[in-house]
Amino acid sequence: MSDLSGQPDLTPWKVGLRGRCPRCGEGHLFKGFLTIADRCDHCGLDFDFADPADGPAFFVLCFACLPAMFLAVWIEVSFEPPFWVHIFTSLPALLISCILPLRPLKGWLVASQFRHKAAEGQIDRGAGDDAARD
Ligand SMILES: [Zn+2]
């Protein structure tokens, strides 16, 4: 668990969805739409640990983009509209469903990383030597 002594108990989804610092819940996590700030502007937490990689894109693809794509296919199959109808129906549905959830999902994943101290795996060579001696 993270060292949260003296800090409020913040759940990752609460601070992540608001784009706030996972330690203090006050500072801004992002300095752009999806760019993570270098550190918290309130408590100074270094955000170098934050690396959600393709996580936000994966969740958006599975839970938002595919339903929007099915909407486009349904419109095409059911009504066989002219192409320009998709510009005003399918395209906005795809853009909104793919772009809007990215920031809250990225914030949630970064806050979860902080909460659970998730990091890239490392080989503990010292532990292997100790086990070999036993
Ligand atoms: Zn902070």
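Guide: Read along the sequence, the pattern of the protein is α-α-α-α-α-α. There are six helices and zero strands. Please bear in mind that the model is predicted.

Visitor: What is the mean pLDDT of the protein, and which helices have the lowest and the highest mean values?

Guide: The protein has a mean pLDDT of 86, and 88% of its residues reach 70 or more. Among the elements, helix α6 (residues 125-133) has the lowest mean, 60, while helix α3 (residues 83-88) has the highest, 95. On a scale of confidence from 0 to 100, those are the two ends for the elements of this model.

Visitor: How do you know whether Cys21 and Cys43 are buried, partly exposed or exposed?

Guide: Buried means under 20% relative accessible area, exposed means over 50%, and partly exposed lies in between. Cys21 has a relative accessible area of 0%, so this residue is buried. Cys43 has 27%, so this residue is partly exposed. Buried residues make up 34% of the 134 residues in the protein.

Visitor: Why are the buried residues of helix α4 said to line one face?

Guide: The buried residues of α4 (residues 90-99) are Ser90, Ser97 and Cys98. Seen down the helix axis, they fall within an arc of 95 degrees, and so they line one face of α4. What covers them includes α2 (55-79), α3 and α5 (102-116).

Visitor: Why is Ser90 called buried, and which residues does Ser90 touch?

Guide: Ser90 has a relative accessible area of 5%, and because the cut-off is under 20%, Ser90 is buried. Leaving aside residues up to four places away in sequence, Ser90 touches Ala72, Ile75 and Val85.

Visitor: How many aromatic pairs does the structure hold, and what kind of pair do Phe47 and Phe49 form?

Guide: The structure holds seven aromatic pairs. The ring centres of Phe47 and Phe49 are 6.3 Å apart and their planes stand at 70 degrees, so the pair is edge-to-face. The cut-offs behind this are centres within 6.5 Å and planes over 60 degrees apart. Phe47 is buried, at 3% relative accessible area, whereas Phe49 is partly exposed, at 26%.

Visitor: Why is the pair of Phe49 and Phe114 called tilted?

Guide: The ring centres of Phe49 and Phe114 are 5.6 Å apart, with planes at 45 degrees, and so the pair is tilted. Planes under 30 degrees apart would count as stacked and over 60 as edge-to-face, the rest being tilted. This pair links distant parts of the chain, with Phe49 in the loop between α1 and α2 and Phe114 in helix α5, 65 residues apart. Phe114 counts as buried, at 13% relative accessibility. Elsewhere, ring pairs link Phe58, Phe59, Phe63 and Trp108 into a cluster.

Visitor: What is the phi of Ala53 and of Glu80, and are these residues buried or exposed?

Guide: Ala53, in the loop between α1 and α2, is not a glycine and has a positive phi of about 55 degrees. At 58% relative accessibility, Ala53 counts as exposed. Glu80, in the loop between α2 and α3, has a positive phi near 45 degrees and is likewise a residue other than glycine. At 63% relative accessibility, Glu80 counts as exposed, because exposed means over 50%.

Terms used. Residues numbered from 1 in each chain as written. Predicted model: local features only at pLDDT ≥ 70, side-chain atom pairs only at ≥ 80, totals over all residues. Heavy atoms only, no water. pLDDT = per-residue confidence, 0-100. Helix = DSSP H or I, 4+ residues; strand = E, 2+ residues; numbered from the N terminus. Buried < 20%, exposed > 50% of the residue type's maximum accessible area, 1.4 Å probe, protein only. Arc of directions from axis to C-beta. Contact = heavy atoms within 4.5 Å. Phe/Tyr/Trp six-rings, centres within 6.5 Å; stacked < 30°, edge-to-face > 60°.
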